[in-house]
Amino acid sequence: MINPSPLPPLWAAPEISCARAEPLAREIGTVLVDTLPARGQVLVLESNRLLFRLIGDHELKGSLWVDFNTARATRRSRQVGSELLVKAARIRRVEQPLLIDATAGLGQDGFLLATHGFQVEMIEMNPVVAALLADGLARAAEVEQLAEVVGRIQLHRGNSVERLASLTRKPHVIYLDPMFPERSKSAKVKQNLRLLQHLDAHTVSPEELLTTALATQAKKVVVKRPLKGPYLCDEKPSYSLKGKAVRFDVYLV
Ligand SMILES: C[S@@+](CC[C@H](N)C(=O)[O-])C[C@H]1O[C@@H](n2cnc3c(N)ncnc32)[C@H](O)[C@@H]1O
């Protein structure tokens, strides 16, 4: 079968019904193939998860999928007050601030913020990344300890520049995490980032994203940057919180 789409094809494991696989392929905008390709990018639908794989790539052998039920996620959520991102995004005297995560990606940051009480609207424009994220959220909703957190998250597919320009409800915070070169020493994270980059999940016009975010008059716009990277759009923030490898630039509007 010829894949007319630049997106990876979807292959479903034999136990998966067409009734489950076909709508997913349609939603992503890709084709459903009946044989697992011998090489290249592919989305694999297994009974309990959706994976992205690069078949035949000797350097990137792993798979990419979203799992919020891990020891790392639990550890991060328990470090009350010590997560820099949470400190950067926090709004005084507002218990459940509305935060728009305009570059949701694999949802790690957005999920952490929801764990700390934020109402999070995630926006992701890459259809494959959005499908992986939706799959991870659906699985997390089935886990008793995570269901409440998932209940505070909404996922939208699309371009944040457009969505931010037509908001009906003003958020307290807008969070931007534009893609930047490798930032972690952890081999696993490195691999996930590289797989994510293979999906062409780059930030579309980060400058426009910042300008649109600032124009919404949200109380705060928080931007994740490499520790020593330049300010986004050369726009000096109100202040920055610095970690070991990253920095959060906070713009008070
Ligand atoms: C570095 S990743 C974000 C990682 C995320 N913070 C996390 O914790 O997993 C950037 C993501 O933003 C998405 N993106 C870039 N520009 C966008 C836009 N204008 N609207 C929506 N999503 C966008 C990309 O597709 C990519 O998945």
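Arg157 is partly exposed, with a relative accessible area of 42% (buried is under 20%, exposed over 50% and partly exposed in between, with a 1.4 Å probe and protein chains only). The model is predicted, and local features were considered at pLDDT of at least 70 and side-chain atom pairs at pLDDT 80 or more, whereas totals for chains, interfaces and linings use all residues. Residues are numbered from 1 along each chain as its sequence is written, and side-chain values rest on heavy atoms, without hydrogens and water.

Arg157 pairs with Glu27 in a salt bridge whose closest N and O atoms are 3.1 Å apart; a salt bridge is here a side-chain nitrogen of Lys or Arg within 4 Å of a carboxyl oxygen of Asp or Glu. This pair links distant parts of the chain, as Arg157 is in strand β8 (residues 153–157) and Glu27 in helix α1 (residues 18–28), 130 residues apart. Helices (H or I, at least four residues) and strands (E, at least two) are DSSP runs, numbered from the N terminus. Glu27 is partly exposed, at 47% relative accessibility. The count by this rule is seven salt bridges. Another of them joins the side chains of Glu46 and Arg49, at 3.0 Å from N to O. Glu46 has a relative accessible area of 23% and is partly exposed; Arg49, at 23%, is also partly exposed.

A further salt bridge is formed by Asp109 and Lys224, with 3.0 Å between the closest N and O atoms. Here too distant parts of the chain are linked: Asp109 is in helix α4 and Lys224 in strand β10 (residues 220–226), 115 residues apart. Both partners are buried, Asp109 with a relative accessible area of 10% and Lys224 with 9%. Through shared partners, salt bridges join Asp109, Asp177 and Lys224 into one network.

Helix α4, which holds Asp109, is largely enclosed by the rest of the structure, because six of its eight residues are buried. The buried residues of α4 are Asp109, Gly110, Phe111, Leu112, Leu113 and Ala114. After α4 comes Gly117, which has a positive phi near 100°. Leu112 is also in contact (heavy atoms within 4.5 Å) with Glu83, as is Arg76, when neighbours of Glu83 within four places in sequence are left aside. Glu83 is in the loop between α2 (71–78) and α3 (84–89) and is buried, with a relative accessible area of 13%.

Around the ligand there are 22 residues, of which Asp109, Glu124, Asn159, Ser160 and Asp177 come nearest; a residue is near if one of its heavy atoms lies within 4 Å. Helix α4 (108–115) and strand β7 (119–124) each supply at least two residues of this shell. By class, the shell has nine nonpolar, 10 polar and three charged residues. Nonpolar covers Ala, Val, Leu, Ile, Met, Phe, Trp, Tyr, Cys and Pro; charged covers Asp, Glu, Lys and Arg; the others, Gly among them, are polar.

An N or O atom in the side chain of Glu124 is 2.6 Å from an oxygen atom of the ligand. A nitrogen atom of the ligand lies 2.9 Å from a polar side-chain atom of Asn159, and for Asp177 the distance from a polar side-chain atom to a nitrogen atom of the ligand is 2.7 Å. Of the 600 Å² of accessible area that the ligand has on its own, the protein covers 97%, by the Shrake-Rupley method with a 1.4 Å probe.

Note on methods
A polar contact is a pair of N or O atoms within 3.5 Å; within protein, one must be able to donate a hydrogen and the other to accept it, and residues adjacent in sequence count only if both atoms are side-chain atoms.
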